[in-house]
Amino acid sequence: MKVPLLDLKEQNETLRPEIEAALGRVLDANAFILGDEVAAFEKELSEYCNASFAIGCASGSDALVLAMMALDIGPGDEVITTPYSFFATVSAITRVGATPVFVDIDPVDMNLDVSQIEGKITERTKAIEPVHLFGQCSDMTELQSIAAKHGLHLVEDAAQAIGSEEAGRRAGSIGKIGCFSFYPSKNLGGMGDGGIITTNDENLASRLKALRVHGAEKRYHHRWIGLNSRLDGFQGAILRVKLPHLDDWTLRRRQNADTYRRLFADKGLLDLVTLPTELEGRKHIYNQFVIRVEDRRDELKAYLAEKNIGTDIYYPIPLHLQECFAYLGYKKGDLPEAEKAALDTLALPIYPELKADQIEYVTDSIAEFFAK
Ligand SMILES: *Cc1c(COP(=O)(O)O)cnc(C)c1O
């Protein structure tokens, strides 16, 4: 049996007629950059996220940079964030000339350890940028109270967390700004790059709309120095076809997670691997199902590859140890939980179209590995 980490074929084939019709509408309208399909998608997405405004842009990475720009974060400012995430979480901070300040992760959910944040706040701190890693929200209730107490902005990197919830609130509607990605492997994936920024603040929304078109509120009148970063018409049209299916896909991801939990328990594997923990009051949407395997992670990964099972490591090098961030002065041992996670995490297939017998094959293969 073959179990890829992610297989979009079935999803795309099912939607092919609708997607082709949507692409035809964009072609007929000649609206390739922004346009009506994007405007309609922005409205639908803002409603889905329970945010007042959504501003489409070229990628999740750009969404984060635009968020920093809109909040006037720049040289001399510090932004507190996590070392255990995708690169763009941190490069967005450095791209605007600000300094990332890393706080270690909580080993339970691998999100920011909120108890360590206040110790890192200085008079230069402007914002906290939590990541809702793998599809489970950070402790936004606590983060909001810290942010309010110290007058800091909260920027949610919600790229992996569309539709996830904390205390009944949707990711992207809780902080000052939320940033999403439509990279094809996200739960709502486009057919190319794309991103969106959500906010409840009308002034920020209009500034973000200008920043994505070189900072111009009126054509050729540049109030700010922005980016060229728009969501294109084809992506908007495709994402509009997909959005109504998102809740069903999320449900199936959650059911797959339940199946894994049952099978790992049935096969007596719970002492050998650590499964993802769902914290109370959070709705996990399982962009990734990440297990932890001490000492033998790489060996297990290789064994599963031999069995035609796709897995991946998110992330093998914590961001404070990346070569390009050496100038920040961090060294090995500074953020031990992030460094430990980099050594023992392994993402298993969890996509909605995955079949129960495939999940059984994955867990059987893991049981075989440990029995060897
Ligand atoms: C995917 C991702 C991004 C970047 O999104 P792109 O659309 O690929 O630029 C940023 N942060 C996190 C946590 C991500 O997973």
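A: Contact means heavy atoms within 4.5 Å. Helices (H or I, at least four residues) and strands (E, at least two) are DSSP runs, numbered from the N terminus. This is a predicted model, in which local features need pLDDT of at least 70 and side-chain atom pairs count only at pLDDT 80 or more, while totals for chains, interfaces and linings use all residues. Residues are numbered from 1 along each chain as its sequence is written, and side-chain values use heavy atoms, without hydrogens and water.

Q: Which residues of α1 and α7 meet?
A: On α1 they are Gln11, Asn12, Leu15, Glu18, Ile19, Ala22, Leu23, Val26 and Leu27; on α7 they are Gly233, Phe234, Ala237, Ile238, Val241 and Lys242. By class, this contact of α1 with α7 has 10 nonpolar, three polar and two charged residues (Ala, Val, Leu, Ile, Met, Phe, Trp, Tyr, Cys and Pro count as nonpolar, Asp, Glu, Lys and Arg as charged, and the others, Gly among them, as polar).

Q: At what angle do α1 and α7 pack?
A: Axes are lines fitted to C-alpha atoms, for helices over the stretch in contact, and angles run from 0 to 180 degrees between N-to-C directions. Helix α1 (residues 9-29) and helix α7 (residues 233-242) pack at about 135 degrees, their axes 9 Å apart. α1 is therefore oblique to α7 (under 35 degrees is roughly parallel, over 145 roughly antiparallel, 65 to 115 roughly perpendicular, the rest oblique).

Q: How do the axes of α3 and α6 cross?
A: Helix α3 (residues 60-70) and helix α6 (residues 202-211) have axes that come within 10 Å and cross at roughly 120 degrees. Leu66, Ala67, Met69 and Ala70 of α3 make the contact with Leu204, Arg207, Leu208 and Leu211 of α6. These residues divide into seven nonpolar, no polar and one charged.

Q: Which residues are closest to the ligand?
A: A residue is near a molecule if one of its heavy atoms lies within 4 Å of it. Here 16 residues surround the ligand, the closest being Gly60, Ser61, Gln160, Ser181 and Lys186. A ligand oxygen is 2.8 Å from a polar backbone atom of glycine 60. For serine 181, an N or O atom in the side chain is 2.6 Å from an oxygen atom of the ligand.

Q: What should I look for in the backbone?
A: Most residues other than glycine have a negative phi, and most peptide bonds are trans. Methionine 110, in the loop between β3 (99-102) and β4 (125-129), has a positive phi, near 65 degrees. The peptide bond from tyrosine 314 to tyrosine 315 is cis, with omega near 10 degrees.

Technical notes. Polar contact = N/O pair within 3.5 Å; in protein donor to acceptor, adjacent residues only side chain to side chain.
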